[in-house]
Amino acid sequence: MTITELMPFSVLVPLIASLVCALLPGRFWPWAVTLVAVIVSAVIAAFTLPAAAQVTLSYAFGNWPPPIGIEYRVDAANAFVALLVAGMAAVALPWAKKSVDKEVPERQGAFYALFLLALSGLLGITLSGDAFNIFVFLEISSLATYGLIAHGSDRRALLASFRYLIMGTVGATFLLIGIGFLYIMTGTLNLADLAERLPEVRDTSTVRAALAFIIVGMGLKLAMLPLHLWLPNAYTYAPSFVTVFLAGTATKVALYVMLRFVFTVFAPDWSFVVLPLSTVLMILGVAGMFAGSWVAMFQPNIKRMLAYSSVAQVGYMVLGVSLVSVIGLSAAFLHLFNHALMKTALFMAVGTVIYQVGSARLKDVRGLGRTMPWTLTAFALAGLSIIGVPLTAGFVSKWYLIQAALDQGQWFLVVLILVTSLMAVIYIWRVIEAAWFQERSIKQPDVGEAPLALLIPTWILVALNFYFGIDTRLTVGGATAAAEALLGGGMTP
Amino acid sequence: MITSDWLHPSLVLIAGTLVLPLLKGRAMQAWMVLLPLAVLGTLWMAQPGEHGQMAFLGMELVTGRVDELAMVFGWVFGTVLLIGAIYALHVNDRVQHVAAFLYGASALGVVFAGDLITLYVFWELMVITSVWLIWRRKTEVSFNAGFRYLVIHAVGGVVLLAGIILFQFETGTTRFEQIDVDGPAFWLILAAFMINAAVPPLHAWLTDAYPEATVTGAVFLSALTTKTAVYTLIRGYPGTEMLVWMGAAMTLYGVTFAMLSNDIRRLLAYHIVSQVGYMVTGVGLGTALALSGSASHAFTHILYKALLFMGAGAVIHMTGRSRLSELGGLYRYMPWTFVLYLIGGVSISAFPLFSGYVSKTMIVEAAAIDQRAVIWLMLVVASAGTFLSTTLKLPYKTWLGGDSGLQPREAPWNMLLAMGIAAALCFLIGIFPGMLYALLPGAVDFNAYTMSVFLKEMQVLLFTGLAFCLLLKYVGGGPKISLDVDWLYRRGGPRLVGAVGSAIITTDRAIRRTTLEHLARLTAHVEKKHGRDGKLAKSWPIGSMALWTAIVLAMLLTVGVYRG
Amino acid sequence: MKLARLIEYLISKRSVLAVLLLVSMAALVLVDIILPPAYTRFTWDAIGGFAAFFGFAACAALIFFSRFLGEKLLYRDEDYYDDHE
């Protein structure tokens, strides 16, 4: 089997495994099956990236040649995102066992089945070269995600899930409307084919409207300010493991879809001209950076604080995109990857606190630095990454973002990026202050350090944050290849 | 960072420090003395040249640049780490020891950094490690002071990073040589260096925090942060005219505020500002003699200032008091501390035969050769002021003067030993300045022991003493604190922020309320019209989410559709 | 406490020490006046005893200036910052 033939299995394996999982009883087997499926999927994705970086891979389902059949078309950009998604799932799963046992004690078969569905949906979105197929996978992953969020033990999880459902459906519908418009105008759903046929018809308001719908639809899924309002509740009330997984993957895939349409399907020299995309994205990105960080500084719940921080981090990525240059896009892809690393580590640390204490409110973390030093040190170190301290992954992406801004002479953006980094210092500091500099009140129960099953995966991610802060070959290489693939029209046949 | 001919002293120190928490009692004490010795040994073996290159983000990092200038600071940092470690042997707080050694490792890292990225990393590490030397005093006052210290340096770090990024963007390199660009990069990096050098008005972090540090921590603090900044200034900004004046102003600012201080370590902290002022002036003058003067003054200053802080610290350790107005008459109980402190005092005052004399006079002489009359006079006034408060007022009010009724015991042996080593070095350098001059980059064409230098210095000092004796009753002091620039962020800032913040909150609330009211009306309207059961409509967040979606879509569509 | 006794002794002889010091100070100024100036970089290089005068004046000025500054502007009670933090 060549890598091209193997590639679709990174989507199919979790999909099939989810059916198996749904039928499995107990607590061990669903998890074990999921773990195997996810690892297989991640390994395939890991082999796909180097191959796709050299030549665009294409696989036609059922031997129906594209554009009629469904095609998987993979270049450096989607291979990079696919590896991120599958890799994050593989890293998060060992951590999941304990946490899920506690937070979702019953019907774990269904829970893990939903997780696998969500994963295969996300991977399907990423790898597919067919617009309608992307929509279908988007719906699969979204529906599964709503189910996952609703598993949260807090009653508000249901409402959060419901809100996300409404907004997610609006987003998916917008995407569908956009795709429909494109189909009407070109008669094709294949992305590469679309890119080829669009130039003839693109001076119509229908195509322009299609672009607008797709951007808003994906902006919603991406939680770009001001379309982010579903995110904080969803992240806060979902089971810890779901938050860990979503924070690293879901918004990233949405960003990828948006980029794929804006850059490959509509060429950037058209899409950034016909709509003031550059300005709009820059304003929304900066606003997201500020509003997210600002709100995060005042949150009493750490999970919620990190959720708002995610809104800010999405702002950095959107800002990188708005610069419309190879280095800007590279910065966006880099931050996409690095943010997944740091946020996953942070949410894992918080999830570990929840496992031990049962709450992630700031006042319940008081004094934990002494009793749970490993957990909170992991949090602090991952926090350094989100602040952007040198030798961490966060520094690398901010460095590239700043270079991209300077490259276009946008001095003020540099200032804004540094100021929002200082705001990150403040919200991370609040946790450190509570953990180490405040006393535990007598009423709060004493807790010990968390079990190793939670600590080891968390520390692996923390270590990755530092590893990718020092050895940047994989991340910078992958991100640059991805950016070049998008800007260089890697999809055109 | 390791090759066959290069072992980074910071690496040695960091690796050794990691072992420290595992040790106890005597073993820990022995390790604390061995570690600085190992660092000195590493320095001894260091070969001139560039070592430890690494690639990072497409730039070449040079983690080990060994030249004479770096070695001057390397030697004195290693020495003061040894002295400080001995002084702290009795302390049974591992966090402090670990912090102190890591802090020393970061300072060494800055000094040997051949590029700005490496420098920045160690620069920040210095802040994160040193703040624990303040916090471990474990009082609320020291926590707050340490926190202010942290915030100021965090801001300074961002300024430095911004400068480095611009510098790299404009020159395409991050090598750390003389900063030779125009525009913001030059000023940002300079500002960051000046914050760490405690140049007024950016100095208040020092005089605010150092007096609140632990007794032993203050010794390290007094030696490292400001002197790494002096090193970076010598390397990056020699001959910057502005620094001549800022430095001279610094010397006077420091001595004036020292006169107002009642806390003994705050008084000494103001004299750090003042003494670093001499070095900054030397950097600004930029001649070979002036730069040699700055480097050697940094060297001698570290030793005598550590000695002074050790003496003051011993008093605080034994009496639990730190205010001049509560001390007095201690010479009967702590005579050794007294005498050793006085050696530090005459060294900082630049008495002949003591270390300050052979370095400070070099800077003053460089100013004279440059024909800078006003600067020369300012520096001489500062000399008088230094003698006045560190060597006359402070010891007089602490050990002599009115009896405070305190009857402490003499400081423990390890404190005295550390002070003894520092005092011996002050004396040795004073007698054999050639040993110090031999370390400096370039030959030093200066002899402090000429009749004319000797005469001027002695006259200034002795007649300062005369004035002190005659005017003793007018010398200020008393149980008061004096305001400084830190007022701006301790009282002024919070007041301003409070006012602005409450204004923002009120506005924000008002905006939200009106928006929500409008939304409520909108939903009510929809509800009435469509006759839904109302549950969905009542959920404001979904309403507002949808509203935002509609707004963004409408914006884009408007532009898109009406464009053609 | 031998050292303490030595200091005690010196303090008891402080008037003798003061005379010695004053004599040596006078000698310093005298030598400075008699010796020809080594430099003429500044106008005051030629004035014998200028450094002595200047040192005295500088010290006096610092004492009075700092006291003025403190009492008119900068002194606060020691608990000034306490109520705020």
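This passage describes how the chains of a predicted model meet one another.

The model is predicted, so that local features are reported at pLDDT of at least 70 and side-chain atom pairs at pLDDT 80 or more, whereas totals for chains, interfaces and linings use all residues. Residues are numbered from 1 along each chain as its sequence is written, chains are lettered from A and ligands numbered from 1 in the order in which they are written, and side-chain values use heavy atoms, with hydrogens and water left out.

Of the 2 pairs of chains in contact (heavy atoms within 4.5 Å), chains B and C share the most contacts. Chain A and chain C do not touch, and 15 Å separates their nearest C-alpha atoms.

The contact between chains B and C involves 65 residues from chain B and 49 residues from chain C. The size of an interface is often given as the accessible area lost when the parts come together. For chains B and C the buried area (accessible area, with a 1.4 Å probe, lost by two parts on being put together and summed over both) is about 5200 Å², of which 71% lies on carbon and sulfur atoms. Within chain B, the residues that lose the most area to chain C are Gln459(B), Ile481(B) and Arg491(B), which together account for 13% of what that side buries.

Charged and polar pairs also occur at this interface. There are 5 salt bridges between chain B and chain C, a salt bridge being a side-chain nitrogen of Lys or Arg within 4 Å of a carboxyl oxygen of Asp or Glu. In one of them, Arg323(B) is paired with Glu78(C), and the closest N and O atoms are 2.7 Å apart. Polar contacts (N or O atoms within 3.5 Å; within protein, one able to donate a hydrogen and the other to accept it, with residues adjacent in sequence counted only if both atoms are side-chain atoms) link 11 residue pairs across the interface, both residues being at pLDDT 80 or more. Elements are DSSP runs numbered from the N terminus, namely helices (H or I, at least four residues) and strands (E, at least two). Those giving two or more residues to the side of chain B that touches chain C include α10 (241-260), α18 (451-470) and α19 (486-530) of chain B. The most residues, 15, come from α18(B). By class, this side has 40 nonpolar (Ala, Val, Leu, Ile, Met, Phe, Trp, Tyr, Cys and Pro), 11 polar (the others, Gly among them) and 14 charged (Asp, Glu, Lys and Arg) residues.
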